[in-house]
Structure formats: structure tokens, C-alpha cells
Amino acid sequence: MSHIPQISDAEWEVMKVLWSKTSCTANEVIEALEHQTDWKPKTVRTLLNRLVHKQAISFSQENRVYTYYPLVSEDECVKSETESFLKRIYGGAFKPLLVNFLKEERLSPEEIKELKNILDDKSK
């Protein structure tokens with residue numbers, strides 16, 4: 001899909017359920033979220049409808065049961081959100097983000113080694 005919809009934080013929670021299970025009924029999404037949120041079933045149904053409208057998900061209908069499934073992958077959405085964040089906060093530049101992260105985060109020797117390997121691979 002060429003256009004990745006902008007997804008709100010609440011919609012991300014619904015998408016995570018759909019990405020983890022591939023497809024779900026509204027009731028299955030409600031059940032999956034009832035332990036992590038205090039949302040009413042109507043709220044979850046509203047979020048599902050918004051995601052359908054944004055073309056992030058679609059549905060199939062059998063009798064009166066709607067089964068929802070994602071139209072965009074988690075990787076596509078993460079990439080799009082990352083690019084959006086970089087543009088908004090860092091003017092699209094990755095280096096200031098990385099420098100800020102490295103200054104603020106405490107990294108284990110294993111994490112440092114992994115980052116070095118990634119940077120080495122990038123320089124080849």
C-alpha cells in the first residue's frame with residue numbers, strides 16, 4: 001500500500017491486536033483490550049470504524065458478524081511514524097536523534113556492540 005494512514009495512539013492499540021492475530025471480530029478485539037484499557041465496547045467499535053475509514057483495516061461480513069483484518073503491516077506503520085517523528089522533531093535528520101538518544105540512554109555492553117555492528121554494516 002503506497003499511502004500509510006496516520007494512526008492515533010488509541011488506534012495503535014487496536015492495530016496491535018489485529019497485527020498479532022491477523023483477523024478478529026469486534027468482540028475479540030474488545031476482549032483483547034479489556035485487560036489493558038478501560039474502554040467501553042462502543043469505543044472499540046468506534047476505533048475500528050475509524051481505522052476502516054482510514055483504510056488501515058478492512059472487514060468481511062458473514063451473517064451479522066464482522067471480521068476485521070489489517071490492510072497495512074506493522075512494519076509499514078512503524079516506518080511511517082518514525083519518518084513523521086523525525087520530520088516533526090528533528091527536521092528529518094536522523095543524526096541529532098541518535099546523538100540525543102545515545103547521550104540520554106544507558107546502554108549495556110551488548111547493546112553497544114550491536115549498535116557498532118549496525119554502523120559497521122552501514123559503512124560497507
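**View 1. Glu 13 and Lys 16 both sit in helix α1, three residues apart, or about one turn of the helix.** Welcome to a predicted model, in which local features need pLDDT of at least 70, side-chain atom pairs count only at pLDDT 80 or more, and totals for chains, interfaces and linings use all residues. Residues are numbered from 1 along each chain as its sequence is written, and side-chain values use heavy atoms, with hydrogens and water left out. Helices (H or I, at least four residues) and strands (E, at least two) are DSSP runs, numbered from the N terminus. Glu 13 and Lys 16 form a salt bridge, with their closest N and O atoms 3.2 Å apart. The term salt bridge stands for a side-chain nitrogen of Lys or Arg within 4 Å of a carboxyl oxygen of Asp or Glu. Glu 13 is partly exposed at 24% relative accessible area, and Lys 16 is also partly exposed, at 42%. Here buried means under 20% relative accessible area, exposed over 50%, and partly exposed in between (1.4 Å probe, protein chains only).

**View 2. Glu 11 meets Lys 54 in a salt bridge.** The closest N and O atoms of this pair are 2.7 Å apart. Glu 11 belongs to helix α1 (residues 9-21) and Lys 54 to the loop between α3 (41-53) and β2 (57-62), so the pair ties together parts that are 43 residues apart in sequence. Glu 11 is buried, with a relative accessible area of 2%, while Lys 54 is partly exposed, at 29%.

**View 3. Helix α4 (residues 74-90) holds both Glu 83 and Lys 79.** Their side chains meet in a salt bridge at 3.9 Å, N to O. Because Glu 83 and Lys 79 are four residues apart in the helix, about one helical turn separates them. Lys 79 counts as exposed at 53% relative accessibility, and Glu 83 is partly exposed at 38%. A search of the whole structure finds three salt bridges.

**View 4. Glu 104, Glu 105, Glu 110, Glu 111 and Glu 114 form a negative surface patch.** Such a patch is made of residues with over 30% relative accessible area and no salt bridge, like charges being joined within 9 Å. Asp and Glu count as negative, and the place of a Glu charge is taken as CD. Helix α6 (residues 109-122) gives the largest share of the patch, three residues. Glu 104 lies in helix α5 (residues 94-104) and counts as exposed, at 60% relative accessibility.

Technical notes
Patch = residues over 30% accessible without salt bridge, like charges linked within 9 Å, V, L, I, M, F, W, Y side chains within 5 Å. Areas by Shrake-Rupley, 256 points an atom, 1.4 Å probe, with all protein chains shown as cover.
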